[in-house]
Amino acid sequence: MKNPPLQQGHDGPRAPPLRPYQADTLQRMKSYEGNAALCVIATGLGKTRIFAEYIRCDVLENDHHILILSHREELVIQPLEYLKGLPCGIEQGTTHAHGEPIISASVQSLVGRLDKYNPYSIDTIIIDEAHHSAAPTLPQNF
């Protein structure tokens, strides 16, 4: 079951409302006080939608800087559809971010650009499809 497409609002495209289980997951994420967490939800139930809403709250409410790491091109682009209206940058191939508070990056591209980033300036790192995080290309020192 895929998330519904973005809906057109009076101020431009907006994401559909969260489903109850998505809203519950988001609330759990927002109230979590630890340093690292793993969100596990079955395929197609909207992990990207949930973490995009988490990012929206984190950036707007806390002025945080977010890094989204993905291993495939479509996963780098997908969350940006739900983050319209927020400043987002992309680090992938020949595309470079320019200091935006939200950066969506392919692991392969970011590995070669780590010198561009201060890891202490990033408040939250989201690894999309975290089961790929054991791959040798993931920046272990980041």
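Me: Why is helix H2 called oblique to helix H3?

Reply: In this predicted model, the axes of H2 and H3 cross at roughly 60° and come within 9 Å. Angles under 35 degrees count as roughly parallel, over 145 as roughly antiparallel, and 65 to 115 as roughly perpendicular, with the rest oblique. A crossing of roughly 60° belongs to the rest, and H2 is therefore oblique to H3. The crossing of these two helices is right-handed.

Me: Which residues of H2 and H3 meet?

Reply: From H2 come Thr48, Arg49, Phe51, Ala52 and Arg56, and they meet Gln78, Pro79 and Tyr82 of H3. By class, this contact of H2 with H3 has 4 nonpolar, 2 polar and 2 charged residues.

Me: What makes H1 and H2 oblique to each other?

Reply: Their axes cross at roughly 45° and come within 10 Å, where H1 covers residues 20-31. The limit for roughly parallel is under 35 degrees, and roughly perpendicular begins at 65. The angle of roughly 45° lies between these limits, so H1 and H2 are oblique. The crossing of H1 and H2 is right-handed. On the side of H1 the contact is made by Gln22, Thr25, Leu26, Met29 and Lys30, and on the side of H2 by Arg49, Ile50, Glu53, Tyr54, Cys57 and Glu61. The residues of this contact divide into 5 nonpolar, 2 polar and 4 charged.

Me: Which residues of H2 are buried, and what covers them?

Reply: The buried residues are Thr48, Arg49, Ile50, Phe51, Ala52, Glu53, Tyr54, Ile55, Cys57, Asp58 and Val59. Their cover includes H1, strand S3, helix H3 (73-82), strand S5 (102-106) and strand S6 (124-127).

Me: Does Asp63 count as buried or exposed, and why?

Reply: Exposed requires over 50% relative accessible area. Asp63 has 60% relative accessibility and therefore counts as exposed. Asp63 is placed in the loop between H2 (47-62) and S3 (66-70). Its phi is near 55°, which is a positive value in a residue other than glycine.

Me: Is Gln92 called buried or exposed, and why?

Reply: The limit for buried is under 20%. Gln92 has a relative accessible area of 16%, so Gln92 is buried. Its place is the loop between strand S4 (88-91) and S5. Apart from neighbours within four places in sequence, Gln92 is in contact with Glu73, Val76, Ile77, Ser106, Ser109 and Arg113.

Me: Does Ala37 count as buried or exposed, and why?

Reply: The relative accessible area of Ala37 is 63%, and exposed means over 50%. Ala37 is therefore exposed. This residue is found in the loop between H1 and H2. Ala37 and Ile126 are 89 residues apart in sequence, and their C-alpha atoms are 9.6 Å apart in space.

Me: How many helices and strands does the chain have, and which pattern do they follow?

Reply: The chain has 4 helices and 6 strands, in the pattern β-β-α-α-β-α-β-β-α-β along the sequence. Of its 142 residues, 40% count as buried. Among the contacts with a separation of 6 or more, 59% are between residues 24 or more positions apart.

Note on methods: Residues numbered from 1 in each chain as written. Predicted model: local features only at pLDDT ≥ 70, side-chain atom pairs only at ≥ 80, totals over all residues. Heavy atoms only, no water. Buried < 20%, exposed > 50% of the residue type's maximum accessible area, 1.4 Å probe, protein only. Axes fitted to C-alpha atoms, helices over the stretch in contact; angles between N-to-C directions. Left-handed = near helix turned anticlockwise from the far one by under 90°. Contact = heavy atoms within 4.5 Å. Nonpolar A, V, L, I, M, F, W, Y, C, P; charged D, E, K, R; others polar.
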